Amino acid sequence: MTGEERPVDGQENCPSAATASAVSSGAYASNSTGSSSSSPEIATANLERLLTPDRLGTYQRACQGDSAQALRLYTWNISVASAFWGSFNALEVSLRNAVHAELGALAGQEDWWHAALPLHPFEQKRVVEAQLAAQRAQRKDLQTGHVVAELSLGFWIGLLANKYHQRLWVPALHQAFPHVTGKRRDLHKKLETLRKLRNRIAHHEPIFARNLSADHQRVLAVLGTISPAAVEWVEHHSRVPETIARRQAVIDGSETTTF
């Protein structure tokens, strides 16, 4: 399996339905009112209705129709998605601050959006929208960092695309990645892959069929082009490897998980 998304394929994503009970192992034993007297079967049925058959269908197909396993897989999917947010926090904040610093140096002023930088219309519009959003949120005492924070991950990644190679990368932005060893387009491609994963997580989509270990290594690899110290920080604190390692035990019901 590669780091790219691919359709759920059933058996490889969930253990055989024949090896698990048709009811939950207990992780879903409470009903919607919080009573501990509800049976696992009732709780499972309640959750299935709440989450909707369409949403759970992907997980049930992966588990050969076993509803209890599907719910455990769904829970594990939330858990691993939650774990990824810490790594994405470090990556996104590091990326935007590094690029912001180089844009400021190129423009000769911290609020580079007020300088005549060679941005294309699409990015110019995003910057104007970010300024307006920051003004609405702050009302007074608007700081440079408020505008920077309003610009999306997609905006910062877009500045590393082919169209900005001569305009921004060569004169300035390559310095935001002092430890990069490959080509700019390879860095951009990795970031685009991570942006899509981040968006799937943000929209509560299934990510369990991906090679998540490879995805996390990609996060670390990109972060390493900016700051090796940040990589050590994430490696020390990230729950992603541990959560991935516990996947099978959570799905078969021998362990529970949290999110």
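Colleague: What's the handedness of the crossing of α3 and α9?
Modeller: The crossing of α3 and α9 is left-handed, as the near helix is turned anticlockwise from the far one by less than a right angle (clockwise would be right-handed). Helices here are DSSP runs of H or I with at least four residues, strands are E runs of at least two, and both are numbered from the N terminus. One caveat: this is a predicted model, where local features need pLDDT of at least 70, side-chain atom pairs count only at pLDDT 80 or more, and totals for chains, interfaces and linings use all residues. Residues are numbered from 1 along each chain as its sequence is written, and side-chain values use heavy atoms, leaving out hydrogens and water.

Colleague: At what angle do α3 and α9 pack, and how far apart are their axes?
Modeller: Helix α3, residues 67–107, packs on α9 at about 15°, with 10 Å between the axes. Axes are lines fitted to C-alpha atoms, for helices over the stretch in contact, and angles run from 0 to 180 degrees between N-to-C directions. So α3 is roughly parallel to α9; that label is for angles under 35 degrees, with over 145 roughly antiparallel, 65 to 115 roughly perpendicular and the rest oblique.

Colleague: Which residues of α3 and α9 make the contact?
Modeller: On α3 they include Trp76, Phe84, Phe88 and Leu95, and on α9 they include Leu212, His216, Val219 and Ile226. Contact means heavy atoms within 4.5 Å.

Colleague: Trp76 again: which charged end sits over the ring of tryptophan 76?
Modeller: That's arginine 247, 5.1 Å from the ring centre. The test is NZ of Lys or CZ of Arg within 6 Å of the ring centre and within 35 degrees of the ring normal. Arginine 126 also lies over a ring face, that of phenylalanine 122, at 4.5 Å from the centre.

Colleague: Switching to ring pairs. How many aromatic pairs does the structure hold?
Modeller: Nine. Rings of Phe, Tyr and Trp (its six-membered ring) pair if their centres lie within 6.5 Å; planes under 30 degrees apart are stacked, over 60 edge-to-face, the rest tilted. Take tyrosine 59 and phenylalanine 208: the centres are 5.1 Å apart and the planes at 40°, so the pair is tilted.

Colleague: Where do tyrosine 59 and phenylalanine 208 sit in the chain?
Modeller: Tyrosine 59 is in helix α2 and phenylalanine 208 in the loop between α8 and α9, so the pair links parts of the chain 149 residues apart. Tyrosine 59 is buried at 1% relative accessibility, and phenylalanine 208 is buried at 1% too. Buried is under 20% relative accessible area, exposed over 50%, partly exposed in between (1.4 Å probe, protein chains only).

Colleague: What angle is there between the planes of phenylalanine 155 and tryptophan 156?
Modeller: 85°, an edge-to-face pair with 5.1 Å centre to centre. Phenylalanine 155 is buried at 4% and tryptophan 156 at 0%.
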